[in-house]
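Thanks for making time this morning. I would like to walk you through one model, and I will give the cut-offs as we go.

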Amino acid sequence: MINIIIVLMLALVCFLTIHSSIKHFKGEGGCCGGGGGIIETKKTLSEPELGSKKISISGMTCDNCRIRVQNALNSIDGLSANVNLKKGTAILHFSKEISDDEIRKCIENAGYRLS
């Protein structure tokens, strides 16, 4: 009887492990500690747009990563960002001059790299 209980418990652990791994590889899990609890902030510019640029970001592996980068970029005054996980890019719209170094530091502080 005890052997049956042990086998059932091991089977349950294996099932849960495989199930969470599948979610992780689909990009649905919290691979970077986010656990799906990160709130995405949308930002629009309050002043007229001076320009926009497209940048490449490496190191993002899931939607939590995308949201973390987007929120970090949107915290810069005068900048609105839209990050695309699949392409590894971000479209930046800005209403004032922002240095490339400031953008790079913001991305690196979030734990990712400007490519």
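Let me start with a definition: a residue counts as buried under 20% relative accessible area, as exposed over 50%, and as partly exposed in between, with a 1.4 Å probe and protein chains only. This is a predicted model, in which local features need pLDDT of at least 70 and side-chain atom pairs count only at pLDDT 80 or more, while totals for chains, interfaces and linings use all residues. Residues are numbered from 1 along each chain as its sequence is written, and side-chain values use heavy atoms, with hydrogens and water left out.

Q70 sits in helix α2, residues 63–74, where helices (H or I, at least four residues) and strands (E, at least two) are DSSP runs numbered from the N terminus. With a relative accessible area of 1%, Q70 is buried. Taking contact as heavy atoms within 4.5 Å, and setting aside residues up to four places away in sequence, Q70 touches E40, T41, K42, A81, N82 and V83.

Strands β2 (residues 79–84) and β3 (residues 89–94) run antiparallel and are joined by six bridges, with L92 of β3 as the bridge partner of A81. Four residues lie between the strands of this hairpin, and G88 has a positive phi near 70°.

L73, leaving aside neighbours within four places in sequence, is in contact with L79, A81, V83, A90, L92, I103, C106 and I107.

Conventions. Two strands pair if DSSP finds at least two bridges between them.
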